[in-house]
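Let's take a friendly walk through a protein model, looking at how its side chains meet. Have the structure open beside you as you read.

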Amino acid sequence: MTHSPQTMSAGLLTGHGGLDKLRVVDDAPVPRPGPDDVLIRVYAAGVNNTDINTRTGWYSKSVTGATDGHEDDRETEGRAADATWSGKPLEFPRIQGADCYGEIVAQGADVPRNRLGETVLVRTLMRAPVRFRPFECWTFGSECDGGFAQYTAAPHGDTFTVDSPLGAAELGAIPCAYSTAEGMLVRAGVGAGDRVLVTGASGGVGSAAVELARLRGAHVTAVTSARKTQAVRDLGANACLLREKPLLDQADKGAFTVVVDLVGGNTFSELPDLLARGGRYVTAGAIGGPLVSLDLRSLYLKDLSLFGCVSQEDIVFENIIAYANAGDIRPRIAAEYALTDIQKAQEAFLAKNFIGKIVLRP
């Protein structure tokens, strides 16, 4: 391990609740990498829905409504017991940040090669802490400290070298959103010839899904608001449906072979009818609400397959690194904020008046 500062600036989550639970300090201890870890100087870290959901405790089964992000202590009371990806209580203070792009500045004694100076992306759904067991993951910025700091530590096996023409902000926007989207496409077997419908297409994961599905040769229809239609087309969507109108008024029944759903809520009831026989529905989010209505006859009479996606096969992040290195993907950056403005960055994120990603620069 080489010399590094003893303290750093970091965004601390001090408890479940509103934006007041986020506090930026300049005297947080720099993490010391374990034998199999690397220490990373963080250059950029995107803001994601999971950062909001973890802060508010939205993953708790006690929550039945859409994501909000402005809940106070009274509203989040009682959520702590199962308010994380793993379903176990969060440890506070926690440095959030599911994304991280940076440079390795120190490494543990058992890291197998000299990795100092490598520029890297950290896999959000880490595999090393759960010994690469299937359908298990350890989430960066939730089960352990993440990228909202000047330095962070991560297992070397979950830290991938990147040599890309993309800029720092673009790279910092990739890990969570793009691996989530790619994980869904891999699980649903999306390929050339598929007709894919993507809900929530202007957000980080949705815009990544549009881009990645087109990269796979699929025909992509995006669901978005009227004012974002052209921008979503610019991301690669072949066509758009307006979320302000019933989807079945805008598309034929059975029009799609795959639905990539990030919204859930009231929109969900239309989606089985939009799928062709043998179609695949895949979800990794429910920003419109987690509780939905499903007519089981639509499921079994049409031989539909439903996939829930959290854990990711190893190939998912390997694909993302390959795409980034080749310049095949390019996240749209809506805004960059200094780490000290983390509350403002999350306010802007919650306003949803943007397309793509908001990034923090520690």
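A residue is called buried when its relative accessible area is under 20%, exposed when it is over 50%, and partly exposed in between, using a 1.4 Å probe and protein chains only. Keep in mind that this is a predicted model, in which local features need pLDDT of at least 70 and side-chain atom pairs count only at pLDDT 80 or more, while totals for chains, interfaces and linings use all residues. Residues are numbered from 1 along each chain as its sequence is written, and side-chain values use heavy atoms, with hydrogens and water left out.

Let's begin with charge. Side chains of opposite charge can pair when their charged atoms come close. Here a salt bridge means a side-chain nitrogen of Lys or Arg within 4 Å of a carboxyl oxygen of Asp or Glu. How many salt bridges does a search of the whole structure find? The search finds 15.

One of them joins arginine 216 to glutamate 182, with the closest N and O atoms 2.8 Å apart. Arginine 216 sits in the loop between α5 (204–215) and β12 (219–224), and glutamate 182 belongs to helix α4 (residues 175–188), so this pair ties together parts that are 34 residues apart in sequence. Helices (H or I, at least four residues) and strands (E, at least two) are DSSP runs, numbered from the N terminus. Is glutamate 182 buried or exposed? Glutamate 182 is buried, because its relative accessible area is 0%, whereas arginine 216 is partly exposed at 23%.

Another salt bridge brings together arginine 115 and glutamate 118, at 2.9 Å from N to O. Arginine 115 is buried at 3%, and glutamate 118 is buried at 14%. Elsewhere, Arg123, Arg127, Asp158 and Asp314 are linked in a network of salt bridges.

Now for the rings. Rings of Phe, Tyr and Trp (its six-membered ring) pair if their centres lie within 6.5 Å; planes under 30 degrees apart count as stacked, over 60 as edge-to-face and the rest as tilted. The structure holds 6 aromatic pairs. Among them is the tilted pair of phenylalanine 160 and phenylalanine 317, 5.0 Å centre to centre with 55° between the planes. Phenylalanine 160 is in strand β10 (residues 159–161) and phenylalanine 317 in helix α9 (residues 314–326), so the pair ties together parts 157 residues apart in sequence. Phenylalanine 317 is buried, with a relative accessible area of 1%. Finally, look for Trp58, Tyr59 and Trp85, which ring pairs link into a cluster.
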